[in-house]
Amino acid sequence: MVLVWHRADLRLHDHPALLEALARGPAVGLVVLDPHNLRTSPRRRAWFLENVRALRKAYRARGGALWVLEGLPWEKVPEAARRLRAKAVYALRSYTPYGRYRDGRVQEALPVPLHLLPAPHLIPPDLPRAYRVYTPFARRFQGVEAPLPAPEALPREEEEGEVPGAQSDVPLPEPGEEAARGRLRAFLEAKLASYAEERDRLDGEGGSRLSPYFALGVLSLREAAFRALAQGGEGARKWVSELLWRDFSYHLLHRFPWMAERPLDRRYEAFPWREDEEAFQAWYRGQTGVPLVDAAMRELRATGFLSNRARMVAAQFAVKYLLLPWRRCEEAFRHLLLDGDRAVNLQGWQWAGGLGVDAAPYFRVFNPVLQGEKHDPERRWLRRWAPEYPSYAPKDPVVDLEEARRRYLELARGLVGQATLPPEEAG
């Protein structure tokens, strides 16, 4: 008997550790309900548990068993191994700081070997060279191998443990890899061809909306990229280039784990962030008087989803217009997201804030009025989420946009040594 420990890979398709384990003998799946991961918002906790439930159903459909144990992994994984008399434990390698710490402690506590197989990334996050800029990192992409099939049958064993119920405060997508793969097929058929032109829509309808599945590994990034590139076209190339940003995020956090606490550009450690509770609450609740920002934060709070363009503008407004502490905003934002992946969210906030990710200059400041007019020209998205605004012009905003922009640029220039103020960035 061998044990397959699922973490952020709640699927059976394209799972190298599962197939390797089955080649060694009968296998039982295991999910540990780690309090470190369950200590989050109700929506994210419920989304995780619903996908664990779906994974158990997938095991059952193939005759197999998924154990679900609650507690610390370095206690529960060895417990499961002893009770099953497992000869080994197989899992996909984790590249996050906590994941590496967790796996080290589990390895020390296990009475049998822990085999960590490479996860099917498009570019391995643990490259020997550290990249801070996306373009040279993305050049490492040499194409993608075909995804591995799911096993047709699994050895019959008894299940152990229950998946607890959890109430979400927002509607959840259909959980499970079959739902994810169905949504992937629908996106490829209906929207991939126009993705390059439609991806910046503020309503998010130009994209795939697959990120909640990617965040938990319910859908393999490799499978998504392979299917898209097989279909071909400019939309496929652009979408895969966006998927590569996920691996870039993991690479950054793997090579620079301190970016969870400090800016990648160390000069910004001296930036005079403002501890302004009133401004933070106005931003968080969508009551800033700036239509795009308010619509974005209201949609996020009501649904757990937000388009990439709206995320960037909302993040920039918090950091560059309101000068709010980026770490507090990043954490609050992440817990509202169904796809609140820490590596991806950290990368996005450090990029939007000009804090050292990629080649984005500090003076790139999105104008929320122009962004709204460009990416929601008929104002349909605005009318849905902030109907009191007739246009994207601010109405009694918490800050004067031009004055706030100049204040930020003066402060940032003092840190980075830029001689003159640049023109306004429309995006």
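Student: Where is Ala193 found in this predicted model?

Tutor: Ala193 sits in the loop between H7 and helix H8 (195-198).

Student: Why is Ala193 called exposed?

Tutor: Its relative accessible area is 70%. Exposed means over 50%. Ala193 has 70%, so the label exposed applies.

Student: How far is Ala193 from Leu84?

Tutor: Their C-alpha atoms are separated by 49 Å. Along the chain, Ala193 and Leu84 are 109 residues apart.

Student: Turn to Ala17. Why is Ala17 called buried?

Tutor: Ala17 has a relative accessible area of 0%. Buried means under 20%, so Ala17 qualifies as buried. This residue is found in helix H1 (residues 16-24).

Student: Which residues is Ala17 in contact with, leaving aside its neighbours within four places in sequence?

Tutor: Ala17 is in contact with Tyr90, Ala91, Leu92 and Leu117. Contact means heavy atoms within 4.5 Å. Trp349 is 332 residues away from Ala17 along the chain, and their C-alpha atoms are separated by 32 Å.

Student: What makes Arg209 partly exposed?

Tutor: The value is 26% relative accessible area. Buried needs under 20% and exposed needs over 50%. Arg209, at 26%, falls in between, so it is partly exposed. Its place is in the loop between H8 and H9.

Student: What is the phi of Arg209?

Tutor: Arg209 has a positive phi of about 55°, although it is not a glycine. Most residues other than glycine have a negative phi.

Student: And Leu323: buried or exposed?

Tutor: Leu323 is buried, with a relative accessible area of 2%. The cut-off for buried is under 20%. Leu323 also has a positive phi, about 60°, and is not a glycine. Its loop runs between H14 and helix H15 (326-336).

Student: Which residues does Val144 touch, apart from its neighbours within four places in sequence?

Tutor: Val144 is in contact with Leu122, Arg222, Ala225, Phe226 and Leu229. Ala225 is 81 residues from Val144 in sequence, but 7.2 Å away in space, C-alpha to C-alpha. Val144 lies in the loop between helix H6 (134-138) and helix H7 (177-190).

Student: How do you know that the radius of gyration of the chain agrees with a compact globule?

Tutor: Compare two values. A compact globule of 427 residues would have a radius of gyration near 22 Å. The chain has 22 Å, so the two agree. The C-alpha trace spans about 65 × 45 × 40 Å along its principal axes.

Student: What share of the residues count as buried?

Tutor: Of the 427 residues, 56% count as buried. The chain exposes about 18,200 Å², and carbon and sulfur atoms supply 48% of that area.

Student: How much space lies in the second largest pocket?

Tutor: About 1,100 Å³. The second largest pocket is lined by 44 residues. Tyr195, Glu242, Trp245, Asn308 and Arg311 lie nearest its centre.

Student: What makes up the lining of the second largest pocket, by class?

Tutor: There are 20 nonpolar, 12 polar and 12 charged residues in that lining. H11 gives the largest share, 8 residues. Helices that each supply at least two residues include helix H9 (211-215) and helix H16 (342-352).

Note on methods
Residues are numbered from 1 along each chain as its sequence is written. This is a predicted model: local features need pLDDT of at least 70, side-chain atom pairs count only at pLDDT 80 or more; totals for chains, interfaces and linings use all residues. Side-chain values use heavy atoms; hydrogens and water are left out. On a 1 Å grid over the protein atoms alone, a cavity is a set of points where a 1.4 Å probe fits but cannot get out, and a pocket is an open set with protein on both sides within 12 Å along at least five of seven lines; lining residues have an atom within 4 Å of a point. Grid points are joined across faces, edges and corners, and a volume is the space filled by probe spheres set on the points. Helices (H or I, at least four residues) and strands (E, at least two) are DSSP runs, numbered from the N terminus. Ala, Val, Leu, Ile, Met, Phe, Trp, Tyr, Cys and Pro count as nonpolar, Asp, Glu, Lys and Arg as charged, and the others, Gly among them, as polar. The radius of gyration is taken over C-alpha atoms; the globule rule is 2.2 Å times the number of residues to the power 0.38. Buried means under 20% relative accessible area, exposed over 50%, partly exposed in between (1.4 Å probe, protein chains only). Accessible areas come from the Shrake-Rupley method with a 1.4 Å probe; for residues, only the protein chains shown count as cover.
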